[in-house]
Every structure is written in C-alpha cells, then in structure tokens.
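Student: I have not seen this structure before. Could we go through it by question and answer?

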Amino acid sequence: MNNIEYIKDDIQNIAEAIVAVLGIDVTIVNQDLIRVAGTGIYIEKIGEKVHGYSAFNKSLIEQIGIIIDDPSCNDICKECYDKRECKEFAEVCCPIVCDNEAYGVIGLIAFTNEQANIIKNNKDNLMNFLGKMADLISNKIKAQIKTYELELEKKKLETLVDSIDKAIVAIDVNGKIDKYNSKFEQIFNLKQSIKNRNIFEVLKFINTPSVDNFKKEKSCSFHYRVDGYDLKGIYNISKIILNNELKGYVIDFIDKKDAIKNYNKMNKDYGITLDNIIGNSKVINNTKKEALMASKSTSTVLIIGESGTGKELFARSIHNHSSRCDNPFVAVNCAAIPDNLLESELFGYEEGSFTGAKKGGKLGKFELAHKGTIFLDEIGDMSLHLQAKLLRVLQEKELNKIGSKSNKLIDVRIVAATNKDLENMVNKGTFREDLYYRLNVIPINLPSLRERKEDIPLLIDFMIKEYSRKLDKNVVDIDKNVVDIMVDYNWPGNIRELQNVIEYSVNMSSNSIITVEVIPNRVKNIESEEVIVKDDSIRTLEELEKREIMKALNKYKDYKKDKELVSKALGISRATLYRKLEKYKEVSK
C-alpha cells in the first residue's frame, strides 16, 4: 500500500488551501506522475499523466526541490516534453517523501507575470512553505499506511478466528460482547447481531465471572436450549490481561457432537475402508462385497462372527463407505458396560433425573451419533429391558432419555454385532424376536481365520511390518516353516490371536527373521508332538477321546470362554462336550 491516491481527498483540500492563501495554482502528482489533485486549469486534468522529462519527473527521481523562475532559459525546460505549448511563467516543485521513498510531487505553477513575480521574490519562503506542505502530506501518508496495516492485520485476525473450528466470543469485564466468529453464530443458531449485548443475557448458562472463580482459566459443561434448539458442549474462559490489568475475557465453545466427530477423525481407524481389510480369499472377498452393498443402504446391519474376526473394522468400513461418512461413528460394547449404566450411556439423562446425575444432564451415545452410525457390539449381552428401549428407537426413530418428559427424534443408522447365536437365544426367550428381525435386516457373516487360511501369510506379513515399526525392532521376515505351522494352527482367537502371536514373536526375535524357536508353544502344538514321540502304543478310541479332551481343556483353561473354544476345537457342540465331561469326570477334575 504506497499510493497517495488513498488520501486524495485530503490532498485536494491542501491544494485548495494553498491557492486560497497564495493565489497561485497547485497541482500534485503521485509516484507514477499522474495528477491526483489540482486547482484552476488542473482540476480538469486530474487523472492525466505528466509525460516525458519535466521538473516534476526530476524532483521525484532525485528527491530534490526545484524552482524555475525563467522557463525560457532553464535547462530542464529545454528538455521538457511540452516546452512548445507551455504556458507556465514560473514553477516551484517539491517531492513528497515518506521513509526515504518518494510518493509524489507538489508544485506551484504561475500562469501570469504577477504570479511569477510572487515566486521570484519569495523563492526561499515558498520552497520552505511547499516543503512543509509536502511533510503534511507525508504524515498523512504515514497515518494512512498505519491505518491500512492495522485494518489488514484486523482482517487477517478475523479470517483466522473465523477459520478456527471453535465458537469464540470476546467480552469486556462486564460481559459486553465485543467480537465473535461465524462458528459462534452457527452453533448457537443466532439470527441477528448480538454485538454490544451482554453475554450473560444471551447465554444464561454462563456464570458471571469474578476474581475468585477466575483466578485460573475455567472450563464448564453447558446446555443451551432456546425455542426448541438444543445444544450441549463445553466452554473455556480465558482472561485478557493488558499491563497487568484485566480487560475482559475470551470464551470458546465446543459442541460435544463435534468433539466426537473430531475424535473419530483422529482415531487411527477413522479412515479405514474395505480396501484396508487384508485378504484375497474368496470368502473374505465375498464378505467385503456384501459389506459394500450394505454401506449403500440405510437399513440396519447385523454382523455375525466369532471373537477376533474384525467385526468393528467391518462396521467402520460400512460407515466410511456410506453417505454418513462425514458424521460421527460411535462404538458401544454392550458387554463391557454394566446393565444399570448402559441405559444412561445409550440414551442419556436429564439433569436431576437421579441422585448423582450431572448438572446439565448427559448426552447419550445415540444423540452423539445423530446423522451418523452407532455400532452396538456384543448386542447379545443386552438385557431384555434395554432391548425393548432399543426396539422403540428402531421403530419410532426417537429416544426417551432418563428423566425426560418427551421423546426426541434422532437420525441414526444402527450396525450391531454379535458372536452369539441370536436365533437360538430367541427360541430360548433370552432375546426379543421382534428386535432380532429389526436388527437382522442385512446380515453379514464374517469368516473365522480357519475358514480363510490362504489369507494368513498376507496377514502375517502386514503384522510383522506393523509391530516391527511400533516396537522399533528390525524384524523383516518369517521362516517358511513357521508360516506353515501357523497356517495349520486352528486359531480359536482368530485375527486377534494372530496379532498376539506376531507381537510376541517380534518381541522375542533376536534377529531379522521370526523362527520356530520364538513362537508360542500353543501354536507349535508341542503337547501332541510329545505324546506321539514318547508313546507309540495303540490306544482305545475312548482313551484317545479322553486325551484330546484333556489336551483341549489344558490349552484353553486360561480363556474366558474356555468351554466354547474347547468344543469348537474338538468339532462338537457344547452340549456334547458337557456330556463327555460328565462321562469322564476325572478329566475335568
């Protein structure tokens, strides 16, 4: 910003003041020699350029004052572009310099002998006077530059604040609103300006600050309700201190739903898609195709699979391929939360609804997942009471918070998952039949790892790279014999167990290749090898059965669902296993 045209109104006023005092016409040009102000005949020439070599050009370039009292014999006039048509009798010009840079030239022009005599008889005084006028214009330029710079910085700051993904408002010590950004208008659904209003009237949930409770920056949760508009979140108040004196506060607000959305973005699994799920086997490719089809629908999905098969990854992938991908994905493990707490976790509660309820109440997971997806893992562990409430959400698209007198409409897609036989639970009366059919609209059955053994080498290769990087180990390969052993293993814990084995093996490896010596004994099936080596006698079928049951029991004794894993490993139902255990009572002792 270096053009005196920004203050041309002030310059024109100065020119008119000069001619009023001296009776000599004035013209002022900018650094491009374009007239920006003038009096007399120069008024009509404002906007025109002074062409070629001239006194104004020399004054501008050399930053010197020039007096011409006899144009007929002046060297500058001899070289002038307009010398043949020049009507000037005398001239005084002075550069307008600001911080060593010439911004233009101010000149007095005599068109009569009388005016020329004034110039000739007052050369020093006029040059001094014109220099003062040039300084006056220079100071105005400085002030304009400073104003421009301040406006530019203000605009930069406003743009910066508007680009921040937080609602921000600045207030004075009495709560008078000074500035706020567009995010503030958006999250509080403001329809008109609130500048100069009091923040404690606009946002009644904010307590008036005091010296006592604002010695430190303060954070609080809030619940904003106006004309049916409902918002919950967190706000932080910071003090504005200037010269050790409190001048006001800056308050930033975070919508809890935005916080969940941002958390999902930071989560390492946020961007996962079906392409990131490793495997080229026919069964896993078919499963991914089904999941992709499901992602294009709004219907409820039920993912069925053993523990450790990647149910949550498939759920996230379905969400990320769907039209809801930019909205929250909220995961809830129904088995990990006690039943008496799960209701408030899922559906939320109002303030004062029970002893110990938080001030302002609490948003439930369904509210946090509004417009997005909620993933209900281990749905088979949900109580019948909560199943009834979940059914209402599915049927009516609305929820009833604990302590609320009315229902709230929500838009959430449900993806549920289980490792249980829900159909069998329906027959036993432990799972609601109507809920089962509401959930099981699009069933997706995930294959166990033993059903997709051709994917094991790919998974091993990926996991070695992943854990080598995480553990800062230089393990880059695995012995082929170890791969064969792992392919032959039954993997009752599926991919989660494979991850455990690879992480253990990478930790235990002392060189760059995983060898058979470092993998866990359970994978190498040491027990059965020892039996074969030490005993080559013929056993009865009953003895063999007892031995295999004992081996399986020992193998899975530390697992939470040991009987389920034993029955799967032996290829029999749990009912059959219990009959065998009853038959061979000494086995289970």
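Student: Which residues of α21 are buried?
Tutor: This is a predicted model. Buried means under 20% relative accessible area. In α21 that gives I549, A552 and L553.

Student: Within what arc do the buried residues of α21 fall, seen down the axis?
Tutor: An α-helix has 3.6 residues a turn, so residues three or four places apart point the same way. The buried residues of α21 line one face of the helix, because they fall within an arc of 100°.

Student: How far apart are the end C-alpha atoms of α21?
Tutor: Helix α21 covers residues 541–555, which is 15 residues. At 1.5 Å a residue, it should span 21 Å. The model agrees, with its end C-alpha atoms apart by 21 Å.

Student: Is H223 buried or exposed?
Tutor: Start with its place: H223 is in strand β8, residues 218–226. Its relative accessibility is 16%. Buried means under 20%, so H223 counts as buried.

Student: With which side chain does the side chain of H223 make a polar contact?
Tutor: A polar contact needs N or O atoms within 3.5 Å. For H223 the distance is 2.8 Å, and the partner side chain belongs to D230.

Student: How many aromatic pairs are there?
Tutor: Ring centres must lie within 6.5 Å to pair. By this rule the count is 21.

Student: Is the pair of F188 and F205 stacked or edge-to-face?
Tutor: The rings are 6.3 Å apart, centre to centre.

Student: How many residues apart are F188 and F205?
Tutor: F188 is in the loop between α6 and α7. F205 is in the loop between α7 and β8. The pair links distant parts of the chain, and the separation is 17 residues.

Student: What kind of aromatic pair do F188 and Y224 form?
Tutor: F188 has a relative accessibility of 1% and counts as buried. Both F188 and Y224 are buried. Their ring centres are 4.9 Å apart, with 85° between the planes. Over 60 degrees counts as edge-to-face, so this pair is edge-to-face.

Student: Where in the chain is Y224, the partner of F188?
Tutor: F188 lies in the loop between α6 and α7. Its partner is 36 residues away. Y224 is in strand β8.

Student: Which strands stand at the edges of the five-strand open sheet?
Tutor: The order is β2-β1-β5-β4-β3, with antiparallel pairing. An edge strand here has a single partner, so one side is left without a neighbour in the sheet. The edges are β2 (35–38) and β3 (66–68).

Student: What is the bridge partner of V97 in β5?
Tutor: Strands β4 (residues 90–98) and β5 (residues 101–110) run antiparallel, joined by nine bridges. The partner of V97 in β5 is A102.

Student: Which residue of β17 is the bridge partner of V301?
Tutor: Strand β11 (residues 301–304) pairs in the parallel sense with β16 over four bridges. Four bridges also join β11 to β17 (residues 442–445), again parallel. The β17 partner of V301 is I442.

Student: Is C325 buried or partly exposed?
Tutor: C325 lies in the loop between α10 and β12. Its relative accessible area is 23%. Buried needs under 20% and exposed over 50%, so C325 is partly exposed.

How values were computed: Residues are numbered from 1 along each chain as its sequence is written. This is a predicted model: local features need pLDDT of at least 70, side-chain atom pairs count only at pLDDT 80 or more; totals for chains, interfaces and linings use all residues. Side-chain values use heavy atoms; hydrogens and water are left out. Helices (H or I, at least four residues) and strands (E, at least two) are DSSP runs, numbered from the N terminus. Buried means under 20% relative accessible area, exposed over 50%, partly exposed in between (1.4 Å probe, protein chains only). The expected span of a helix is 1.5 Å times one less than its number of residues. The arc is that of the directions from the helix axis to the C-beta atoms. A polar contact is a pair of N or O atoms within 3.5 Å; within protein, one must be able to donate a hydrogen and the other to accept it, and residues adjacent in sequence count only if both atoms are side-chain atoms. Rings of Phe, Tyr and Trp (its six-membered ring) pair if their centres lie within 6.5 Å; planes under 30 degrees apart count as stacked, over 60 as edge-to-face and the rest as tilted. Two strands pair if DSSP finds at least two bridges between them.
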